[in-house]
Amino acid sequence: MSTRKPHLFELDDGAHIDPGAAPPPPDDETPPQGRAMQAALRAGRVRLSVWARLGWAALAGFVMLVASVTAWDFVTGLLARNAALGYLGLVLLGGVVLAAIWLVAREWAGFRRLRRIDRLRRQAEAARESANRAEADAMLAALGTLYAARPEMRWPIARLRDTAPDQLDTDALIDLGEATLMPPLDAAATREVEAAARQVALLTAMIPLALVDVLAALVTNLRMIRRIAEIYGGRTGTLGNLRLLRGVIAHLVATGAVAVGEDMLGSVASGSMLSKLSRRFGEGVVNGALTARLGIAAMDVCRPLPFTTLQRPRTSAIMSRALTGVFDKAP
Amino acid sequence: MVIGRLADGVLRGVDRVTTTVTDTVSEAFFEPTLRLGVTGLSQAGKTVFITSLVANLLDRGRMGRMQSVAGDRIEAAFLQPQPDDTLPRFDYERHLAALSAQQPRWPDSTRQISQLRLSFRIRPGGLLGGMRGARVQHVDIIDYPGEWLLDLVLLDKDYAQWSREVLGRMSHRPFAADCLSALQATDPAIPHDEGVAQALTEGFTSYLQSARKAGLPDITPGRFLLPGDLAGSPVLTFVPLPEGGGRGSLGREMTRRFEAYKSQVIRPFFRDHFARIDRQVVLADILGAIHAGPEAVDRLGQTLTELLAAFRPGRSAWLTRLLGGKRVERLLFAATKADHLHHSQHPRLTAILTALLRQSRDRADFAGARTEALALAALRATIEEQHIRDGQTLDCVRGTLAESGKQAAFFAGELPADPMQLIGPARDGAARWLEADFQIMRFAPAPLIRKTGDGLPHIRLDTAAEFLIGDLLR
């Protein structure tokens with residue numbers, strides 16, 4: 001054996017130990033924690049202090065100032081040297097400025113769409129509170145115009161227009177609106193969540209690199225949230241998308257759904273067997289389940305009408321459908 | 001007389017078949033019962049294991065690795081009076097009180113057989129879960145003195161073989177010299193005299209006691225140490241003698257008593273308590289054996305292997321089960337007192353246990369039983385700390401020493417990464433470890449601070465419980 005001999009340390013500090021409170025020995029078989037998704041969620045939860053934000057804003061402003069002044073100096077200098085090249089530079093600069101304006105406009109439009117969804121939602125809640133039928137009517141009409149361009153929504157909108165006058169109570173009217181307009185959208189959003197959960201489960205189970213799987217999970221989740229927002233009518237830009245992610249994560253934290261219970265695997269059909277099969281697959285399944293929860297939270301946030309008559313999709317149902325897909329032979 | 005014995009045997013057989021059939025039928029249709037066998041030599045920690053298992057199944061806060069606990073499937077668990085009317089109840093409350101007293105102490109070693117029934121109400125899950133009501137599952141646990149267990153090995157031996165083995169073993173144990181010379185000086189051909197027999201038995205019993213003190217596990221016959229109400233009866237008055245002697249001689253009488261001991265003491269014990277076990281956990285105090293020396297390790301491995309040959313592992317088919325032939329479906333080998341060692345060495349401890357019981361495990365695996373080996377502590381008495389000595393960081397365990405009652409942190413030395421470094425010398429009959437440097441201090445249980453809903457602190461007891469009974473609680 002080795003030279004490390006047994007040794008007894010006499011301790012007379014009088015302190016008493018409590019083995020019950022001591023951490024259990026770390027085992028290689030601790031249940032999977034969904035490390036990649038937890039890291040991705042943490043990344044989305046980072047909040048900067050006021051001073052830090054001010055500092056970053058100042059830095060960004062300064063860099064942009066330097067860039068624009070340098071560009072301007074460069075173009076005017078070029079004009080003085082050679083008129084033809086100078087005009088070319090000027091035109092190109094104009095193109096850049098136009099593109100920037102277009103980007104800003106798109107972001108702004110994205111924010112506006114998000115705000116419109118928010119407004120519709122608030123309107124629905126207010127109408128339900130105050131039992132103001134006119135407001136509910138207006139809200140449903142606005143919802144109709146929002147979705148008017150979509151072929152799959154034409155029939156539900158027409159049907160709502162037919163049946164709405166039969167409902168006398170305001171909350172019944174809003175419930176009818178939810179039951180008529182939302183199912184096709186909910187189904188599409190659920191499919192998105194399933195696809196994302198499956199993808200995250202597979203990616204985090206397959207990618208052996210520690211940071212890359214976090215990145216993959218983050219990208220997949222961002223895309224899922226953007227698509228869900230699109231489905232419910234709030235197409236966003238990049239900034240809006242990030243903003244949305246933060247909102248969704250805040251919602252998820254508020255509902256306490258980020259904690260990984262050991263039941264998480266149990267909620268998934270064959271999940272426990274998967275985790276016995278391989279630890280990596282267990283991790284993947286938990287990551288997928290967390291993605292599904294994030295997706296449901298995103299549906300909560302993006303839906304113009306809150307879940308009242310229709311049932312919110314359940315993580316376990318989404319996961320079992322998502323994982324059935326994993327073992328299908330078709331790609 | 002012969003006819004009477006035959007009839008008795010037949011009646012008993014019929015009785016057994018009918019009880020098993022009724023048991024099985026009622027189990028199959030109403031309330032299933034599982035018999036959990038807790039097997040282990042004396043001082044292996046059976047009583048603490050059972051007490052802690054029951055406490056942790058009643059308060060399931062620390063059993064997170066059991067799926068039925070994590071999935072919140074157990075509605076309620078409670079202690080029932082045991083089903084066997086003639087057996088004492090396992091004194092759970094007294095043992096628990098000993099462990100959770102102000103000055104906690106290990107419970108007294110078991111002196112008699114006792115039984116306990118734990119019943120669960122389980123909420124069914126799955127697709128049809130909502131349509132069925134809660135179901136009931138009983139788990140019967142049996143405690144008995146570890147000394148008695150050793151006798152099972154005798155069932156396959158006759159007197160001459162047993163005598164040869166025991167005398168052979170005594171010949172290289174210094175503390176056995178007095179007893180051995182007395183036995184060898186006795187001529188088995190002399191006429192039987194009860195006085196001589198009793199004097200010899202006395203000497204032999206004191207040899208068995210010193211063998212137990214030396215940490216050697218092979219002390220047969222076990223009832224000599226814990227005779228109960230059989231003390232002084234002829235069936236407990238015999239000694240191993242060299243072969244020889246005719247009718248009416250001392251040797252012939254000893255042979256007769258040995259056979260009587262087998263048929264009247266061992267066989268009923270085995271038939272009533274071991275033949276119908278479904279799941280089994282084999283507890284072994286590997287650390288204590290390593291501390292005691294190579295011979296103890298070798299004897300522990302051999303004794304456990306011989307013992308396990310008495311059980312029938314494997315999957316029992318429905319029909320054989322109905323006809324009374326139960327088999328042990330799951331077998332857990334557990335190295336107890338793992339809290340006396342830092343967790344970084346637990347895998348090595350498990351490896352030593354596995355290597356020691358390799359033969360039994362292979363046999364059980366081959367028969368279709370599921371087997372598992374792990375290091376556990378039914379009651380955790382220490383915490384883990386690091387201390388620095390001579391510039392080396394040592395992974396220690398800290399607790400209250402059982403002897404002095406003082407707080408101490410202890411580094412036990414390092415177990416070898418290759419278990420054969422221990423088992424090889426043990427098999428070759430080495431007198432002591434050559435390069436090994438390993439010791440064990442006994443720790444007393446720590447005063448308990450229990451939160452509501454939490455059982456006793458443990459190490460991997462939930463993993464063990466999940467393996468043993470987890471599938472029936474889902």
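A residue is called buried here if 20 or more other C-beta atoms, placed from the backbone, lie within 10 Å of its own, exposed if 12 or fewer do, and partly exposed in between. By this criterion, buried residues make up 35% of the 331 residues in chain A.

The model is predicted, with local features requiring pLDDT of at least 70 and side-chain atom pairs counting only at pLDDT 80 or more, while totals for chains, interfaces and linings use all residues. Residues are numbered from 1 along each chain as its sequence is written, and chains are lettered from A and ligands numbered from 1 in the order in which they are written.

Helices (H or I, at least four residues) and strands (E, at least two) are DSSP runs numbered from the N terminus, and chain A has 12 helices and 1 strand. Along the sequence, the pattern of chain A is β-α-α-α-α-α-α-α-α-α-α-α-α. Two residues are in contact if their C-beta atoms, placed from the backbone, lie within 7 Å; among contacts in chain A between residues at least 6 apart in sequence, 72% join residues at least 24 apart.

The contact between the chains draws 22 residues from chain A and 41 residues from chain B. On the side of chain A that touches chain B, strand S1 (7–10) and helix H9 (263–266) each supply at least two residues, and the largest share, 4 residues, comes from S1(A). Strands pair if DSSP finds at least two bridges between them; S1(A) is joined by 4 bridges to strand S10 (residues 407–411) of chain B, and the two run antiparallel. Within this pairing, B:Phe410 in S10(B) is the bridge partner of A:Leu8.

Within chain B, helix H11 (residues 294–309) and helix H15 (residues 420–427) pack at an angle of about 90°, their axes (lines fitted to C-alpha atoms over the stretch in contact, with angles from 0 to 180 degrees between N-to-C directions) lying 8 Å apart. Because angles of 65 to 115 degrees count as roughly perpendicular, H11(B) and H15(B) are therefore roughly perpendicular to each other. The residues that meet are set out below.

| Helix | Residues in the contact |
|---|---|
| H11(B) | B:Pro294, B:Val297, B:Asp298 |
| H15(B) | B:Leu422, B:Ile423, B:Pro425, B:Ala426, B:Arg427 |

Helix H13 (residues 346–356) of chain B has buried residues that include B:His346, B:Leu349 and B:Leu356. The buried residues of H13(B) pack against elements of chain B, among them strand S5 (279–284), helix H10 (286–292), H11 and H15.

Technical notes:
Parallel < 35°, antiparallel > 145°, perpendicular 65-115°, else oblique.
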